[in-house]
Amino acid sequence: MNKLQKRYHFILLGMIWFLLIANPLYAYLDPGTGSMFLQLLMGGIAGLVVIGKMYWRKIFSFGTEKNKTSDTDPVNMESMRNLNTDE
Amino acid sequence: MIKQLEPGSFRDRNGRVFYIGEDIWRAISKSALRNWEQLSDTNFYKQFVNDGKLVPTVKVDYVSTALEPEPGGWAGYLKHEPIPFLSYPYEWAFGMLKDAALLHLDLLLAALNERMTIKDSSPFNIQWVGKDPRHIDIPSFESLKEGEPWTGYHQFCKMFLYPLMLYAYKNIPFHPWMRGSIDGISSEHMNSLFSLKDLFRKGVFTNVFLQSKLERSFQNSKENMRDNFRENGFSSELIRQNVKKVKRIVENLESGIKETEWSHYADRTSYTNSDQSVKADFIRKAMQTQQWKLVWDIGSNTGVYSIIASEYSNYVVAMDGDHLAIERFYQSIKTQKRSNILPLVVNLADPSPSIGWRLRERKTLSERGKPELVLCLALIHHIVISANIPLKEFVQWLRELDCVVIIEFVTREDEMVQTLLRNKEDNYTDYDLNFFEKTLQESYNITKKQILKEGKRILFYARPKT
């Protein structure tokens, strides 16, 4: 295993650990976001680059329009749109 | 001409399947029409249709009185070549589900090369023409949008990968689960089945363990992940690599089950060679009088007589409750040229019901096509003695199929029946040759009869009384 691959695996393990916080599962709310994210993890270095970009932007953008959601909205309508993709 | 909506075609708002007589039509929306135009122009569409792996489809003008349109109306109509006999993944052998999965992934890879994708991943979109799988859901092919992930991945896992892993890694047939859960196996449940050592098996850590954990972590997420991906450069190359990875996993899955009760029946059977040829001759002579449109071979085991029947029929559906016997049969016909035998895993004492929304999405057997002839060879003793179904009721059920029957009665003197009765309380007073013949004659005319194995087994050729 070369050095780059080793680094990739290390970062990967770190992220997995970070993500493994169990929450009760409400499948109807989120039919595929986790699986989409998994595709990035599966995607090797290229996937990590995208993850990096995503979270880099998140950290450095102070609430852009797209990520704003209403506090009174119990179900995010944007993630409801994803429901139609599964069947 | 009778026009009828297909009750199982409603989930995709972009189209609606309906029938005019025997023809299969599909009304499609504007966006589905655009996708169709792009699809029919691609090279992979033409190639896969040529190879029989994608349903031949044409765009047509709708001539008679219009189908009741949804708000907005339909933009166009497609016509599809019919499938000889519908079947569902909970009736397929392991090898059939595996080959269907590989076909799906091959189609996806080919589509990705020409800027298209398949929006979902359901085995209900694949049907069979004999031993050959064929994808039938044309509207699931869509234009690939920049930055879009593999939207069908989650469903592929639930409906293809996990059932295959259940069989390959846990030696558990997937049929009851797939029949009971129309959307397949969830990653959470799949993960619960695996122990720590299973995590090292090919594909389990990523596609089962990680997926179930990530599903939980993200379920409260307020992100629109798809837009996020698009903005940050998710490429179709990523999808391609992931699809190839999953394909390698599927290719390596092998049936872990080596033996079931009846999988070696044909080897262990108690016929002599001369008896076997007498039986085969009887069936040939009986069937050669006409070309049969559809034949059911129920209790087909490894399909020896289905193959004989297929010489005189347009299509034979071989059914047996033993999944490994059907797997062996499927593997044996895969390499042959003939494509008019469909092997299915069906327990005749508990056949596939109508299920889904309003119990009409998936059809029960007789709704998919009534047979003209039924082969019921060396089955009745299992039905009456093992499954405890009264002999008269079984004959009534046969009569309801309203077709010619070639049925074999296995007497109590036969070793197989004695084996079945061993350690059982013998209350089967109806299991008697004379009673059977009398019952058969109530609703059938017995035109041919053949005694085998020194009287231990008798073949009947029976035509239903009108």
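So, where in chain B does L359(B) lie? L359(B) is in the loop between β12 (341–345) and β13 (373–376) of chain B. Helices and strands here are DSSP runs, H or I of at least four residues for helices and E of at least two for strands, numbered from the N terminus.

Before I go on, the ground rules. This is a predicted model, with local features needing pLDDT of at least 70 and side-chain atom pairs counting only at pLDDT 80 or more, while totals for chains, interfaces and linings use all residues. Residues are numbered from 1 along each chain as its sequence is written, chains are lettered from A and ligands numbered from 1 in the order in which they are written, and side-chain values use heavy atoms, with hydrogens and water left out.

Back to L359(B). Although not a glycine, L359(B) has a positive phi of about 55°. Its relative accessibility is 57%, which counts as exposed; the cut-offs are under 20% relative accessible area for buried, over 50% for exposed and partly exposed in between, with a 1.4 Å probe and protein chains only. R115(B) isn't a glycine either, and its phi is positive too, about 60°. R115(B) sits in the loop between α3 and β6 (116–118) of chain B, and at 46% relative accessibility R115(B) is partly exposed.

L112(B) is buried, at 2% relative accessible area. Leaving out neighbours within four places in sequence, L112(B) contacts T117(B), L144(B), I239(B) and R240(B), where contact means heavy atoms within 4.5 Å.

Now, the core. The largest nonpolar core has 130 residues, and M165(B), W296(B), I407(B) and Y431(B) have the most contacts inside it. Helix α3 (residues 94–113) of chain B gives the largest share of this core, 14 residues. By nonpolar core I mean a set of buried Ala, Val, Leu, Ile, Met, Phe, Trp, Tyr and Cys residues joined through side-chain atoms within 4.5 Å. Another core, of 24 residues, lies apart from it, and F329(B), L373(B), L452(B) and Y461(B) are among its members. Take W296(B): setting aside neighbours within four places in sequence, its contacts include F85(B), V317(B), M319(B), P371(B) and L401(B). L373(B), from that other core, is also one of the contacts of W296(B).

F329(B) takes us to helix α13, where it is one of the buried residues, along with H323(B), L324(B), A325(B), I326(B), E327(B), Y330(B) and I333(B). The helix runs over residues 323–334, and its end C-alpha atoms are 16 Å apart, in agreement with the 16 Å that twelve residues should span. That expected span is 1.5 Å times one less than the number of residues. At the start of α13(B), a side-chain oxygen of D322(B) comes within 3.1 Å of the backbone nitrogen of L324(B).

Next, H135(B), in strand β8 (residues 132–135) of chain B. H135(B) is buried, with 1% relative accessible area. A polar atom of its side chain lies 3.3 Å from the backbone nitrogen of D137(B). That is a polar contact: N or O atoms within 3.5 Å, where within protein one must be able to donate a hydrogen and the other to accept it, and residues adjacent in sequence count only if both atoms are side-chain atoms. Beyond four places in sequence, H135(B) touches residues including K53(B), L103(B), H104(B), N125(B) and F141(B).

What about cysteines? There are zero disulfides over all chains, a disulfide being a pair of cysteine sulfur atoms within 2.5 Å. C403(B) is buried, at 3%, and C157(B) is buried at 0%.

Last, chain A. Chain A has four helices and zero strands, and 36% of its 87 residues are buried. S35(A) is in helix α2 (residues 33–42) of chain A and is buried, at 2% relative accessible area. The side chain of S35(A) makes a polar contact of 2.9 Å with the side chain of H154(B). Apart from neighbours within four places, S35(A) is in contact with Y153(B), H154(B) and Q211(B).
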